[in-house]
Amino acid sequence: MTRLRYAWVAVVQTLLRVLPFPTRTGLVRIGNPGRHSPVLLTGNFTLTVQRVRHALVGLDAYLLIANSRGVNVWCAATGGLFTDHDVVSVLKTSGVDRLVDHRRVILPQLAATGIDGKTIRRKTGWHTIWGPVEARDIPAFLAANQQVTRAMRTVTFPWVRRLEMAVAWAFPISLLALALWPVWPDGVLPLVGLVWTISLGLFLAFPLYEQRFHTTGKNAGFILFDVGQRGLPILIWLGLLAVAGVATWLAGDFSWSQAWKWGLASLVVLLLLGLDLTGSTPVYKSGLHDDRLLAIALDEQRCRGAAFCEHVCPKDVFEIDHGQRLAVLARPADCVQCGACIVQCPFDALHFEGRDGHVVAPSTIREHKLNLLGSRRSPTT
Amino acid sequence: MSTYVLMRLLESAPHRYDRGIQILTFGHVGRAYDRLVRQISPGQRVLDIGCGTGALTLRAAARGASVRGIDRDAEMLAIARERMAQEHLEDRVELADEGVAELDAEPAAGYDVVMSGLCFSELSPDELRYTLTQVRRMLQPGGLLLVADEVLPSGFVARLFYRVVRAPMVVLTYLLTQQTTHAARRLADRLNDVGLAVIDEQRSLLGSFTCLVARRQDDPAAPAAAT
């Protein structure tokens with residue numbers, strides 16, 4: 001793969017990264033792999049695959065591309081689109097078992113919310129190893145005898161990533177704004193400019209207001225408001241439009257064409273302000289899943305300090321007390337309720353607990369994933 | 001907000017699956033399934049690969065067969081279970097949350113009929129090869145494979161016409177259900193490669209939808225001498 005092609009794919013897919021971009025699933029040889037070469041696995045979001053291949057240049061390895069419906073690993077695994085079935089399928093149908101003498105597959109750590117290592121082992125005989133969060137850390141991870149450092153397994157949201165997400169949101173919304181061209185050619189450029197300014201401003205200024213997202217209330221996760229769950233912002237918007245309409249009518253300037261233009265333009269801005277900003281990164285709670293209102297609870301009777309939770313937590317919430325052989329929720333305020341630790345704990349020692357004391361069992365999270373928009377219908381116990 | 005709308009649509013997709021598929025195939029699927037299950041007799045052991053919401057499974061069970069349906073989508077299976085209860089077919093139907101890669105756990109020659117509706121076209125080439133090899137292994141000698149699925153029409157003009165006609169339907173279906181299907185390529189050849197001979201095929205929708213019956217051939221590597 002040439003650098004030019006890599007750059008081209010990166011640009012196009014960054015602009016359109018809120019959409020799924022599936023690439024071909026199956027086995028890819030990196031370099032000149034042999035019978036002891038590492039086997040890595042990732043989802044089939046094209047941008048991810050390109051980044052992993054880019055990171056692996058100069059190494060010898062097998063790369064398995066599993067079907068994550070063209071969606072990135074984190075969103076697909078957490079949303080139930082990238083599951084044990086996809087991993088089992090590519091392990092068993094790609095023929096990789098005939099090419100290597102070992103049975104160790106390295107999975108991206110951010111898939112731990114949806115892929116259960118125990119199930120993979122039971123169904124295929126392959127041991128799962130959680131690799132680093134970022135593809136660029138893979139060479140260092142392999143060189144260090146497949147050990148992840150704390151930094152490798154912790155998700156951050158540096159300015160480059162924030163810039164990426166700002167572009168990913170601004171570009172498609174700009175395309176919506178372009179639809180105004182036939183009726184309002186003069187207004188499109190300022191509107192597009194406004195969209196990019198708001199989007200870049202929101203994401204780049206993230207550290208200034210991120211404290212807000214540590215709240216546990218109903219609004220946790222949304223930058224300003226959640227248009228989908230509350231009608232108030234829409235009512236305010238309609239109210240403002242009505243006031244503007246009446247004012248121009250009283251001044252004798254009212255025209256329907258103006259009303260349409262300003263109505264559509266302000267709707268574009270409203271969409272942007274109401275987006276699930278924190279859901280754009282695994283660093284913060286997404287506003288879209290109800291489980292963000294729950295708390296992780298540890299059953300010390302069951303815990304054996306095996307550290308599965310510590311290895312898959314993207315927020316480094318856990319510490320292991322090796323003397324007592326017990327996990328400790330050292331930084332509970334940082335938890336984003338992704339559920340990865342619950343899914344992976346072999347002793348079912350972790351679960352979600354609501355403020356009213358109700359419990360969401362590990363089996364529920366494993367089977368139905370997170371409660372995205374109330375989608376999980378099975379009863380809680 | 002933007003993601004909210006998208007996710008709301010996505011999570012409701014399993015409930016809309018059947019409707020979406022009916023739209024995409026102009027209602028052909030239901031009729032094709034009815035035709036296929038006529039091959040099934042009471043008391044036969046049947047496996048439905050990718051049973052989804054149970055369209056083929058329940059039809060086969062209603063004919064008196066004992067059916068095992070597998071699917072990798074827990075939400076679809078939940079709907080299938082509801083329907084199974086409504087039609088009082090629990091005694092003859094067994095549903096499992098399994099993917100095609102787990103077919104190797106099924107018994108050899110354990111089924112009289114294996115069937116699959118709109119599943120093979122969803123599989124990757126690796127998965128389809130694996131699945132068909134397993135189908136051959138799971139079928140009794142002379143057992144039948146029943147398939148209703150989208151295929152790519154043969155002939156350049158037919159293919160072009162198919163793509164043009166299909167494009168707006170794909171958009172409509174995606175908007176309504178966030179589901180779409182892909183056409184399987186060279187299905188009959190692939191069946192032949194693993195020792196399944198097509199004995200009946202009906203094409204419809206400009207040759208893009210197939211309803212086929214294939215029979216397990218005697219194993220060429222172990223001919224009659226083995227019996």
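Helices (H or I, at least four residues) and strands (E, at least two) are DSSP runs, numbered from the N terminus. This is a predicted model, in which local features need pLDDT of at least 70 and side-chain atom pairs count only at pLDDT 80 or more, while totals for chains, interfaces and linings use all residues. Residues are numbered from 1 along each chain as its sequence is written, chains are lettered from A and ligands numbered from 1 in the order in which they are written, and side-chain values use heavy atoms, with hydrogens and water left out.

**First stop: chain B**

Select chain B, which has eight helices and seven strands. Of its 227 residues, 50% are buried; buried means under 20% relative accessible area, exposed over 50%, and partly exposed in between (1.4 Å probe, protein chains only).

Next, select residues 55-62 of chain B, which form helix α4. Which residues of this helix are buried? They are Leu56(B), Thr57(B), Leu58(B), Ala60(B) and Ala61(B). The elements of chain B that cover them include the helices α3 (28-36) and α5 (74-86), together with the strands β1 (45-49), β2 (66-71), β3 (93-97) and β4 (111-117). After α4(B) comes Gly64(B), with a positive phi near 100°.

**Second stop: the domains of chain A**

Colour chain A by its three parts: domain 1 (3-152), domain 2 (159-278) and domain 3 (290-368). These bounds come from an automatic or database domain assignment.

Show domain 1 and domain 2 of chain A together; their centres, taken over C-alpha atoms, are 36 Å apart. Eight residues from domain 1 and eight residues from domain 2 take part in the contact, where contact means heavy atoms within 4.5 Å. How many salt bridges are counted between domain 1 and domain 2 of chain A? The count is three, a salt bridge being a side-chain nitrogen of Lys or Arg within 4 Å of a carboxyl oxygen of Asp or Glu.

Now select Glu164(A) and Arg17(A), whose side chains form a salt bridge at 2.8 Å, N to O.

Finally, select Asp84(A), in helix α4 (residues 84-93) of chain A. Is Asp84(A) buried or exposed? Asp84(A) counts as buried because its relative accessible area is 15%. Its side chain reaches the backbone nitrogen of Asp116(A) at 2.7 Å. Beyond its neighbours within four places in sequence, Asp84(A) touches Gly114(A), Ile115(A), Asp116(A), Thr119(A) and Ile120(A).

Technical notes
A polar contact is a pair of N or O atoms within 3.5 Å; within protein, one must be able to donate a hydrogen and the other to accept it, and residues adjacent in sequence count only if both atoms are side-chain atoms.
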